[in-house]
Amino acid sequence: MHKNKLWTNFVLILILTIFALLIDIPRLPSWFPLHGWFTDQKVHLGLDLQGGTQLTYQTNTSDLPADQRAAAVEGARDVIERRVNVFGVSEPLVQTAKSGDEWRIIIELPGIKNVNEAIKMIGETPTLEFKEEAPAKVLTDQEKKEIAQYNINAQKKASDVLAKALKPGADFAALANQYSDDPGTQGQGGDLGWFSRGVMVKEFEDAAFTLKKGQIAKTLTKTEFGYHIIKKTDERTTDDAKEEIRASHILIKTESEAAIAAGGGWAYTGLTGKQLKSATMTFNPQTSEPEISLEFNAEGAKLFADITARNVDKPVAIFLDGYAISIPTVKEAITSGKAVISGKFGVQEAKDLAQRLSAGALPVPIKLISQESIGPSLGQIAVQKSIVAGVIGFLAVVIFMVVFYGLNGLIASLALLIYALINLALYKLIPVTLTLAGIAGFILSIGMAVDANVLIFERIKDERRLGKTGTTVIDDGFRHAWTAIRDSNITTLIACFILYEFGTGLVRGFGLTLGIGVLLSMFSAITVTRVILKLFVYKK
């Protein structure tokens, strides 16, 4: 390599190292140029290192065609991520996972210690769906038996949950979060909010209004939706002397032969909150009642036009959180991409609903099946031990390299230090969410960087034994070692790609940090070590 080119490469490496060092320093003095930008680059710690909350939701995609379920779950994931970001959670991790036919959404919220706050944050997101009338269906005897057995199982499950709810000290909200099939209240302790007579179905109201404040109904309440376990949580009288109560419930759904024979009532159309562009509270010019105006994106506008075109003079239902809140009859095809939800909304209720829909409506119902709070203490101890282990390991490697390879080993250690600085800077810039598994991947990549240097130095020794001298020894040593280093690292990179692409959570983090480390280790061993050796050790 020409001398000038060597010096050019050395200067570039020096500039890159200084740049990485400036990013790695936690805080630069205020007089330093661009100190604000450098200081803003932070290491992003994962849930296991700084503590927080992990929630696992099960999605209900049974109403969707099989080929659309994956896209709908991804849409739900995007909506939840946007909603979490609105609340300012730093470095949230929202990902999907599939087990058999079941899709789950796993949410990690670093820094959030209050599980109920996190559940509320996610649970407030409404589920919006547009459905059309489903064609009638003739049930077979087998299907009727299955429906009957399903309802028997539902009643038994409801009785079991009721028994748990009536035990002294039972946590009704926790039971609702765990067992309720109501997507509108599941995750919120089953809270239905305030309501007066005439709002709920008659059977439910008859049971709820006879309870005392804080009392749980001792028997199941059967409605067209299933079995309800009801708890009256509060009561009040409004300014116009109207009696209102607040209640929570646990719903165990049942199935109806008539509903299924009628096609289940309503069929999936593909138009959901996923295609919603905006939602605003407006007033009906004729009735002056508040309503919510919806505007769809291009995909939603086309779907809405198709739905209204094939349902002229037929009803199209708007479902919110699993319940039909508006069933207008289509008069003509609507191609403007705009729709209106009308209902018995109060002004504040309509405004809140519009804000929630704008923040993101879920394209599929979700059910909380697991919640976990993770303390940061374990992570802090692990980080401290990892740092100590890393420093000891680095010093041990330096001693080994110097003892066995002399000056060459010292230069390899310098290249290793540059490697570590650039690696850490990349973690901040990409950014990489660092977990314990990620730290393991980083430390493992250090070993691979040293391994490449050892291979190179052994080849250099071989070349010297052949009587070669000067830069020829370096060039031939690197050339002969390169193929082994390349093949070894490529196979590791393939493994990293598989871990990152098909793994989840910590496994992906391990694959990512190891992959970055392997790529950088090749740069460190092949470029940095080689340039320094040729400039300062083997000059001729």
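This is a predicted model: local features need pLDDT of at least 70, side-chain atom pairs count only at pLDDT 80 or more; totals for chains, interfaces and linings use all residues.
Residues are numbered from 1 along each chain as its sequence is written, and side-chain values use heavy atoms, with hydrogens and water left out.

The protein has 15 helices and 17 strands, assigned as DSSP runs of at least four residues (H or I) and at least two (E), respectively, and numbered from the N terminus. Of its 540 residues, 44% count as buried (under 20% relative accessible area, with exposed over 50% and partly exposed in between; 1.4 Å probe, protein chains only).

The structure holds 15 aromatic pairs, defined by ring centres of Phe, Tyr and Trp (its six-membered ring) within 6.5 Å, with planes under 30 degrees apart counted as stacked, over 60 as edge-to-face and the rest as tilted. The rings of Trp7 and Phe10 have centres 5.8 Å apart and planes at 90°, so this pair is edge-to-face; the two residues lie three apart in helix H1 (residues 3-24), about one helical turn, and Trp7 is partly exposed, at 39% relative accessible area. Phe130 and Phe296 also form an edge-to-face pair, because their ring centres are 5.5 Å apart and their planes at 75°. This pair links strand E5 (residues 128-133) to strand E12 (residues 290-296), across 166 residues, and both Phe130 and Phe296 are buried.
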